[in-house]
Amino acid sequence: MPPIQINAERLGQHIHDLAQIGKIGETGVCRLALSKEDRAGVELVKSWMEEAGMEAYIDPFANLVGVWRGSDPGAPVLMLGSHVDSQPYGGRFDGAIGVLGAIEAVQTMVEQGVIPACNVEVVAFCDEEGSRFNKGLFGVRGMTGKLEADELERTDKNGVTRREALLEFGCDPADFEGYTFQEGRVGAFLELHIEQGPVLESLDEPIGIVSGISGPLWLTVEMTGFAGHAGSVPMSMRHDALLGSAKIIVALNELVRREPGVPTVGTVGSLTVFPDSRNIIPEKVSFTIDLRDIDICRRNALEAELLSVIENVACEHGLTYTIREDTNSDPRYCANWIKAALHKEAGLMGMKPPELMSGPFHDSLTMSYVCDYGMIFVRCLEGISHNPKEYASPEDITLGTELLYRTARQIVVEKGGFRT
Ligand SMILES: [Zn+2]
């Protein structure tokens with residue numbers, strides 16, 4: 001273990017204490033965005049920000065922001081953070097280690113008497129998960145001026161609107177109006193997060209440096225054939241929409257696996273069959289496609305191949321089809337200079353973390369549109385997340401937080417912040 005400067009014991013205590021709020025079972029948490037539990041978690045984290053030497057406040061979008069003042073308060077800030085809301089059946093590490101690790105990084109610098117060249121802000125973004133109102137990254141999109149028109153009218157499953165939930169939380173959406181994000185206000189954003197996948201564990205590496213967040217392509221495909229009696233229509237005369245769909249699903253799997261070693265992933269996770277009866281040839285099948293890659297050219301080439309597979313299968317089985325594009329986002333790459341800083345500091349710790357892509361999105365995804373960003377991943381047991389069984393070891397979290405601390409320190413001291 002390399003020499004550690006952060007206070008691993010304090011960090012572990014914070015992770016433990018936060019996990020007691022909204023605790024489910026032995027190891028899980030449920031802190032839905034803007035709920036009472038979320039509020040209690042935010043209050044506790046706010047008290048730790050203040051203990052660490054920051055001024056803390058909650059902005060109109062219900063983001064918790066801690067500010068550690070630097071020598072040039074007008075310079076672009078270094079922002080660190082993640083989220084403390086959780087899935088309804090969530091784990092204690094997702095998001096939490098990014099916020100608590102950032103507080104620990106700042107507190108360590110404060111205790112060492114570091115004077116940062118710019119302000120450092122630690123943010124616990126509101127509603128990253130999106131499970132309550134079915135749309136995530138709310139706080140970070142609010143802060144960066146990227147909310148959509150109907151956001152406040154979205155309801156949770158009890159009919160509570162986001163507007164009502166914000167008011168209940170103590171934030172007034174009327175304050176959004178006077179708020180505009182200042183372009184250039186943030187110099188860089190760093191996020192520490194559990195990997196939520198099995199790659200680091202398979203490489204036997206405690207931490208990794210993220211190369212970028214892959215952009216998902218989401219399609220909904222609907223194949224239409226002709227219903228008929230399953231006992232009487234000869235095989236050669238059928239227009240079976242489910243058989244055609246099955247061939248497309250298998251083809252997608254083969255396409256994304258073709259090039260060994262690349263991180264491309266493709267998934268069909270939802271399928272509906274009409275009329276869904278055992279003795280009727282399926283007439284209509286609709287299914288979703290989720291295709292992700294860090295390399296947009298490769299993803300586009302695979303999409304083109306998949307579309308020709310769909311066309312060929314439709315011809316072969318006498319089907320018609322429609323394809324709806326639900327989401328199409330580009331991969332967002334981490335800044336080279338931040339990755340270089342992370343590699344340098346990891347090297348000084350005697351480590352050589354691998355680079356890996358992030359399949360899931362994070363608050364960093366939204367931040368990537370307003371500033372340079374970098375991410376550190378911490379290994380998690382069997383890649384399990386969004387599940388009370390989620391686990392990352394204290395040793396691995398300590399290494400990730402130490403790297404966050406050292407890199408933040410390098411930026412605000414050695415690099416001298418973001419004055420050009
Ligand atoms: Zn998360």
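## Helix α9 and its surroundings

Helix α9 is followed by Gly350, a residue whose phi is positive, near 80°. The model described here is predicted.

The helix covers residues 336-348, 13 residues in total, and at 1.5 Å a residue it should span 18 Å. Its end C-alpha atoms are 18 Å apart, in agreement with that expectation.

Four residues of α9 are buried: Ile338, Ala341, Leu342 and Ala346. They lie on the same side of α9, because the arc they cover around the axis is only 130°. An α-helix has 3.6 residues a turn, so residues three or four places apart point the same way. On the other side of α9 are Asn336, Ala340, Lys344 and Gly347, which are exposed.

## The chain as a whole

The protein chain contains eleven helices and 16 strands. Its radius of gyration is 24 Å, close to the 22 Å from the globule rule for 420 residues, so the chain is as compact as a globular protein of that length. Taken along the principal axes, the box filled by the C-alpha atoms is roughly 85 × 50 × 45 Å.

Of the 420 residues, 45% count as buried. Among contacts with a separation of 6 or more, 78% are between residues 24 or more positions apart.

## The annotated region, residues 213-313

An unreviewed UniProt entry places the feature "domain: Peptidase M20 dimerisation" at residues 213-313. In the model, this stretch is 35% helix and 28% strand.

## Ser308

Ser308 is found in helix α8, which runs over residues 296-317.

Ser308 and Gly130 are 178 residues apart along the chain, and their C-alpha atoms are separated by 34 Å.

Technical notes:
Residues are numbered from 1 along each chain as its sequence is written. This is a predicted model: local features need pLDDT of at least 70, side-chain atom pairs count only at pLDDT 80 or more; totals for chains, interfaces and linings use all residues. Helices (H or I, at least four residues) and strands (E, at least two) are DSSP runs, numbered from the N terminus. The radius of gyration is taken over C-alpha atoms; the globule rule is 2.2 Å times the number of residues to the power 0.38. A residue is buried if 20 or more other C-beta atoms lie within 10 Å of its own, exposed if 12 or fewer, and partly exposed in between; C-beta atoms are placed from the backbone. Two residues are in contact if their C-beta atoms, placed from the backbone, lie within 7 Å. The expected span of a helix is 1.5 Å times one less than its number of residues. The arc is that of the directions from the helix axis to the C-beta atoms. UniProt positions are given in the numbering used here, feature names are shortened, and annotations may be inferred rather than shown by experiment.
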